[in-house]
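Please read it alongside the sequence and the model.

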Amino acid sequence: MIAIRKFLLNPMQFVIAACLAAMLVLVFGNVVLRYAFNTGIPVSDELSRLLFVWMVFLGAAVTLFEQAHLGVDTLVRRLSRKGRIVCFALSNLLMLYTTWLVFSGTWQQFGINLGMTTPVMGISQAWFFVPVLIFTALAAAWFCLSLLRSLSGRMSDDELIGVRESEEDFDITQMPPGDARPR
C-alpha cells in the first residue's frame, strides 16, 4: 500500500487539489470581474466544468483505493470468514461487471464526442470522458486484485468487509499525523 500511495495516490491527490485550486481561482475571479468590471474570463465555465469532472473521478479512485466508501456492514460482520469471502467475492464481481458497463458506455461516448469541440475553448468534448475511462481502468484493476487476494486467503477479516458503516466508527487518536482519512 505504501508503493501505491507514493506512486499513484499522492500524485492523484495533488492533481485533485490543483483542480480545486484552479476552479476556485477561475470561478471567483470570473465573479469579481463580472460584478466589478463588467467583463469576465470566457473559458471559466467550461474549464471549471472539465476540472470538476476530473476531480470527481480521480477522487472516486482515491476513495476506492483507501477503502473509504461508506456502506452498511451489519449483515457481513455477522458472517463467518468463509461467508465474508463469498460476500466479498460476489460484491467485487458485481462491481467489476458494473465497472465494465460504465467503461463500455463511456468508450462509446468518447468515440461519439471525439470530433465535437467545446464552444468556447475549442477542445474535443472527449476530454470530459477521459477521467471516467481512467477511473474504470483503475477500479477494474483494484477489483481484480482484491478478488485474487480474497480468494487466495491473503485478506484479513476487516479487509473483507471493505466499507465503513459510519465515519464516526474510528478513533481519531489512532490516525497518523497529517492523515485526515478514517482508518
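The axes of helix 4 (residues 81–113) and helix 5 (residues 130–151) come within 9 Å and cross at roughly 160°. Helix 4 is therefore roughly antiparallel to helix 5. This is a predicted model: local features need pLDDT of at least 70, side-chain atom pairs count only at pLDDT 80 or more, and totals for chains, interfaces and linings use all residues. Residues are numbered from 1 along each chain as its sequence is written, and side-chain values use heavy atoms, with hydrogens and water left out.

- Helices are DSSP runs (H or I, at least four residues), numbered from the N terminus.
- Axes are lines fitted to C-alpha atoms over the stretch in contact, and angles run from 0 to 180 degrees between N-to-C directions.
- Angles under 35 degrees count as roughly parallel, over 145 as roughly antiparallel, 65 to 115 as roughly perpendicular and the rest as oblique.
- The crossing of helix 4 and helix 5 is left-handed (the near helix is turned anticlockwise from the far one by less than a right angle).
- Their contact has 19 nonpolar, 6 polar and no charged residues.
- Ala, Val, Leu, Ile, Met, Phe, Trp, Tyr, Cys and Pro count as nonpolar, Asp, Glu, Lys and Arg as charged, and the others, Gly among them, as polar.

**Helix 2 against helix 5**
- The axes of helix 2 (residues 44–65) and helix 5 come within 8 Å and cross at roughly 5°.
- Helix 2 and helix 5 are therefore roughly parallel.
- On the helix 2 side, the contact (heavy atoms within 4.5 Å) includes Val53, Trp54 and Phe57.
- Helix 5 contributes residues including Phe135, Leu138 and Trp142.
- By class, this contact has 16 nonpolar, no polar and no charged residues.

- Asparagine 30 lies in helix 1 (residues 2–37).
- Asparagine 30 is buried, at 3% relative accessible area (buried means under 20%, exposed over 50%, partly exposed in between; 1.4 Å probe, protein chains only).
- Not counting residues up to four places away in sequence, asparagine 30 touches Val25, Thr39, Gly40, Ile41, Ser44 and Asp45.
- Serine 146 sits in helix 5 and is buried at 4% relative accessibility.
- Beyond four places in sequence, serine 146 touches Phe88, Asn92 and Met155.

**Cysteines**
- The whole structure has 0 disulfides (pairs of cysteine sulfur atoms within 2.5 Å).
- Cysteine 87 is partly exposed at 29% relative accessible area.
- Cysteine 144 is partly exposed at 35%.

Notes: Helix = DSSP H or I, 4+ residues; strand = E, 2+ residues; numbered from the N terminus.
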